Amino acid sequence: MLDWHYNHCVFDVGGPALIRQHAAALLVVIVASGESDVCDVEVQKLLMEPLHSCCCSWMHKATRGNGLKDYSQLTLLSAVLYAVRWFARFGYLGTSSFRQFLRNILPQFIGSTGFIACVQQLTRSSIILRSFGDRRNVHAPLPNVGAVLMHDCGPQLVVSDTYPVQLLSNLWAFLVSPLDDGHELLLNALMQPAVLEPLSDYLKQLSLHLNRFLASNFFARIELRFVYQLLVTGGIETYLSNTQLLQLVYSVLCCLPSAQATQIKSIFEKYIFSGKYVQLDKVSLELLQTTCMEITYSQFIADNKEPSLTLCYTQAPVLPADWPYFQLRLILNNYVQNVQQQPAVVMSENQVVRMTLTFVEQLEQQGLQIVTPLEKLMYLMIAFMGPDSQFLELELHMLLIGQLKNFYAQNEAHHFDFEATYEDKANFEPLYYLFVNHFEAASYGDELFSSLVMIPLAQKYNNKWRRRIWSEHVQALRFLNCDENLLIGGLAAYLEPLEEEPSLLQLYGDALERQLVRPGSIAYQIARHHFNNSPAIQKTKLF
C-alpha cells in the first residue's frame, strides 16, 4: 500500500485530494499498529524503507511546491510528521531509519517559502482568534466534527482549507520531546525570525482576543495544544513582554478542559506560581496552586466517573475566569453555612484576603481584567465577611484602604448594573443584604465597610435599594461612619438629583424625627437634604 501511494499519490493541488487523505489515514493506521505491538520488529524492517521514502517524497514536494493550498496537503504532511516522530522515538530501529528526513528534508521544508506562508496564515485562519458570524458562503462544507457551529446566524464553518495548526503542532512536538538525531538542525531552522515573528504576532493577538466560546470546539483543542507547545518550548518569550505573556497564559488557562490537567499544572508551575512573574511569598503561591489544581482534579474525576468510548466535540473549561478569587469564595461559603473554618483551609482569614487581593492586584497591573467591576465589588465585599472580622487588623486594613481607593477611582464614572447575573455565581442583591446584615453585626463602625454599604444608595441607582435600607435596615445607618472621600462620586452623588419617591421621603422624615441617624453623619445629611428640599411631599416640619 505504501509503494502504491509512493507511485500514485499526487501531492500537488490538481491531484485527487481523496488519495492524499487516504495516504494520511494509512500513516496513522501504521502508527496505531506500532502502538498496539501488531507491527513487530520484522514488519518494521519491511515498512521503514518505503515509509521513509514516502515521507521524504511528500515533504520534498511540499518544499519545492507553490505553497500549501489544500487541507488534504496539510493533513498528509501532519501525518508524515506524526509517523516519523513515533517510529523514530518508539520504533525498534529508532532514528536511524529516518536520518535523511530528520537531517536534510525536514530542515529544508522549514526554510521553504511554503512553510513560512503557512506560519503567516495562522493568525488569519485561527479558530480561537476571531469573532464568529455567518460564514456559510466562505468555505465549502466539511463533516461536522465540531467543524460547524449553530447559532443565530445559522451554521458556521470554523476551519478554512488552509488551517495549519495540526501540521504546526506535530512539528513542534519534535521540540517538546526532542529526538537524539537532528534536533539541533531542527531547532536552528525553527528559531529563525521568519518563523518566530509571525508566531509572536499570533500570540500577541491571542493574548487580547482569544475567543473562549469557540475555544471549547474540537478543532480548537488542537490549536490550544499548539499554543501550549509554544509556551513550554523556549524562544518565543523574547518576542513577548511579561504583560503579553501573562495575558496569554491567563486566557489559555481559562480555556483548558479537565482532560488537559497536566498542561494546566505545567503552565501554573512555569508562569503563574514560579515567582518570576507574580511576586508573592512561597506559602501563598503554594496554596493558590493547590487550590486551583484541586478544582481541576475534582472535575477530572467527575468527568471520568463513567468511562465511555465517545468523546463530545465540545468540552467546557475547568477553571472559571475568576479563579484567582477562589479563596474568597470559600470565605463566603463558610459565612453562608455558618462555618468558622473549613479543615482544608491552612491559612487564616487575614492571610487569605491579603494573599488573594495582592495576587489579583499584580495580575491587574499586568493588564489583565479578571472580572467585571461589579464582580470585583462583590469580592471586595466578601473580604469583610470573614468569621473573625480581621479586616480591622492594621496591616490588612491598610491594604484594604489602598484596594478600595483604587477601585473607587477607577469606577468613579461607572454605572454598576446590580441586576446583572453571572453563571455559577450569586447575584448582587442577595449578597448585598447578607453584607448589610453582617455590617449590623460586626462592622464596628468601620469606614471602609460603611463605604461599601453606601454604593447602591447613590441617587443614580434604583430607589429600591434606598427604600429597603431605610425601612428594613435603618438601624444599620446608625453605624455608618464614612468620610466623603470614600464615596464614589463624593457626597454629591447621594444628594442630587432630589428624591421624588414619596414613600422614601417619608422614611427619611421618620428616621430624622425618631433620631435613628446620628446628627452630622453621612446618613443624616442625605436624609435631611432630600426631606427638606424635595417638593414631592407635604411637610409640617423641617430638620
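These legends describe views of one predicted model.

View 1. The chain has 543 residues, and 52% of them count as buried. Its C-alpha trace spans about 105 × 50 × 45 Å along the principal axes. A compact globule of 543 residues would have a radius of gyration near 24 Å. This chain has 31 Å instead. Take the contacts with a separation of 6 or more: 77% of them come from residues 24 or more positions apart.

**View 2. The surface and its charges.** The chain exposes about 24,800 Å². Carbon and sulfur atoms supply 52% of that area. There are 38 positive and 50 negative side chains. The centres of these two sets lie 3 Å apart.

**View 3. Tyr 250 and Trp 323, an aromatic pair.** The structure holds 27 aromatic pairs. In this one, the rings of Tyr 250 and Trp 323 sit 6.0 Å apart, centre to centre. The angle between their planes is 35°, and the pair is tilted.

**View 4. A cluster of aromatic rings.** Which residues do ring pairs link here? The cluster takes in Phe 407, Tyr 408, Phe 416, Phe 418 and Phe 428, together with Tyr 432, Tyr 433, Tyr 461 and Trp 465.

**View 5. Thr 262 in helix α13.** This helix covers residues 261-272. Thr 262 has a relative accessible area of 62%, so it counts as exposed. Now look across to Met 293. Thr 262 and Met 293 are 31 residues apart in sequence. In space, their C-alpha atoms are 9.8 Å apart.

**View 6. Val 474, a buried loop residue.** Val 474 is found in the loop between α21 (463-472) and α22 (492-495). Why does Val 474 count as buried? Its relative accessibility is 12%, and buried means under 20%. Which residues does Val 474 contact, leaving aside neighbours within four places in sequence? They are Ile 469, Ala 511 and Leu 516. Leu 507 is 33 residues from Val 474 in sequence. The C-alpha atoms of Val 474 and Leu 507 are 9.2 Å apart.

**View 7. A cis peptide bond at Pro 497.** The bond runs from Glu 496 to Pro 497. Its omega is near -5°. Pro 497 has its place in the loop between α22 and α23 (502-513).

**View 8. Ser 389, with a positive phi.** Phi of Ser 389 is near 50°, and the residue is not a glycine. Ser 389 lies in the loop between α17 (373-382) and α18 (394-410). With a relative accessible area of 11%, Ser 389 is buried.

**View 9. Tyr 444, also with a positive phi.** Here phi is about 55°, although Tyr 444 is not a glycine. Where is Tyr 444 found? The loop between α19 (428-442) and α20 (447-454) holds Tyr 444. Tyr 444 is exposed, with a relative accessible area of 65%.

Key. Residues numbered from 1 in each chain as written. Predicted model: local features only at pLDDT ≥ 70, side-chain atom pairs only at ≥ 80, totals over all residues. Heavy atoms only, no water. Rg over C-alpha atoms; globule rule 2.2 N^0.38 Å. Buried < 20%, exposed > 50% of the residue type's maximum accessible area, 1.4 Å probe, protein only. Contact = heavy atoms within 4.5 Å. Areas by Shrake-Rupley, 256 points an atom, 1.4 Å probe, with all protein chains shown as cover. Lys, Arg positive; Asp, Glu negative; His and termini not counted. Charge placed at Lys NZ, Arg CZ, Asp CG, Glu CD. Phe/Tyr/Trp six-rings, centres within 6.5 Å; stacked < 30°, edge-to-face > 60°. Helix = DSSP H or I, 4+ residues; strand = E, 2+ residues; numbered from the N terminus.
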